[in-house]
Amino acid sequence: MTMFDGDFTRRRMIAVGGGVAAAGLLVQGAAALGQSTGPAATGKPMPDGVDLPANPPATVQPGSVGFAIIGLGDYALKQIMPRFAQSGRAHIAAIVSGNPAKLKQVGDAYGVPESARYSYDSFAQIATNPAVEAVYIILPTGLHAEWAERAFAAGKHVLCEKPMALSGAECERMIAASQRANRKLMIAYRCHFEPYNMAAMALMEDDAVGALRLIRTEHSYRMGPTTPSENWRVSRALAGGGPLEDYGIYGLQAALYLSGEMPESISAATYRPANDPRFAEIFAHVSAQLRFPSGATAHVVTSYDSAGLNMVEARGTEGVLKMQPATNYGGNTLTLEAGRNRQELTPGDSEVQFARQLDHLASAIRDNTPIITPGEMGLRDLRLIEAIYASAASGQTVRLNPDATMRR
Ligand code: NAD
């Protein structure tokens, strides 16, 4: 049995999680490309639409795990930091930013002591702050590996945003650093904690569509005009190949957790229009076909340049499961159609996914419970992404080992 056999099938994820309900060819680490991986630009204004709390949280629950938030960008400020209020086991104990004005404004709003507001340069001092047990990395992807290594060197556990890093090699470095430090590493794959996706996993586990034949996923939107110097999401050094790592990864994940299988081969195509500054360094579209040992296939599509769509569909011999939107922060839908029956399921509030994710790492730290989205899962996905780019670059089908490494 390899480390992937069964480990990340839907069977195991449900069993463990039920309680809480390039790639080598294209992508290289930023350092390898000779670009700075150092601290971020300073002096950036707060993202639009940020609502800071009017009053800092009053108390910290006994036993709650203190998190340092590194990277005070859009996702951290609008989605993650406000959701700590719904967590019973996690609280914000420190913040890290290159922008002193933001450190003050956000630190005051969340009641973070001045001594626990770090710049990227002073980050190493976090090692001596016992109130911080975990670091949540919410930086551009090209900085994840470096800052995970720094957090482990400081003796902290790590929750790292998706995608885990830019390459399998970077993921392996992060896992090794976690093992050396004897600290936990979790990837923030929030859909594993989201009621609609969890219900879809359970339905597929119960063979609700019969024998699986086809999974289709699409995660697309049309990006406005931008350039790599303005927006890290179109910079190869910070974002890898682009939409697949950023958005299509949700569809890739869904294909695996709904099928419960690892693909044995992948064939893929990429597209990049000429003379479009958005796609000077990254792809505009990626389309991949995965073939599973059962004979089922998955078609995973993602784009930064087509009309918005967020959908997942699993079609079997007896019915079809449809989700649209499938992987949003809220408002997801889930329909099961079998013969003449059509059932719309409403398994719960999608927004609980954020706090459940925080609580999951807190439980792993406090109670030594297993992490259902560990670094090994992030590594698996980066290997699959590398295989997708390798297939697209060569025009050949790529055959895979069970651990998602490419067969030579
Ligand atoms: P963002 O651009 O809004 O924020 C990035 C933050 O990193 C900013 O505070 C910026 O100042 C800082 N930074 C540090 N060094 C930088 C550098 N060299 N270049 C640019 N910025 C730098 O991005 P975001 O949307 O908040 O994304 C951050 C991470 O969160 C990414 O890994 C992304 O994939 C992830 N994310 C996850 C979800 C999800 O649903 N799980 C959603 C959005 C983003």
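Helix H2 (74-83) and strand S2 (90-96) each put at least two residues into the lining of the second largest pocket. S2 gives the largest share, four residues. Helices here are DSSP runs of H or I, at least four residues, strands runs of E, at least two, numbered from the N terminus.

A word on the source. This is a predicted model; local features need pLDDT of at least 70, side-chain atom pairs 80 or more, while totals for chains, interfaces and linings use all residues. Numbering runs from 1 along each chain as its sequence is written, and side-chain values use heavy atoms, without hydrogens or water.

Now the core. The largest nonpolar core has 117 residues. That means buried Ala, Val, Leu, Ile, Met, Phe, Trp, Tyr and Cys joined through side-chain atoms within 4.5 Å; buried is under 20% relative accessible area (1.4 Å probe, protein chains only). Phe 67, Ile 69, Tyr 136 and Leu 321 have the most contacts inside it. Helix H8 (residues 243-259) gives the most, ten residues. A second, separate core has six residues, among them Met 223 and Val 234.

Last, cysteines. Cys 160 is buried, at 0% relative accessible area. Cys 171 is buried, at 0%.

Note on methods. Buried < 20%, exposed > 50% of the residue type's maximum accessible area, 1.4 Å probe, protein only.
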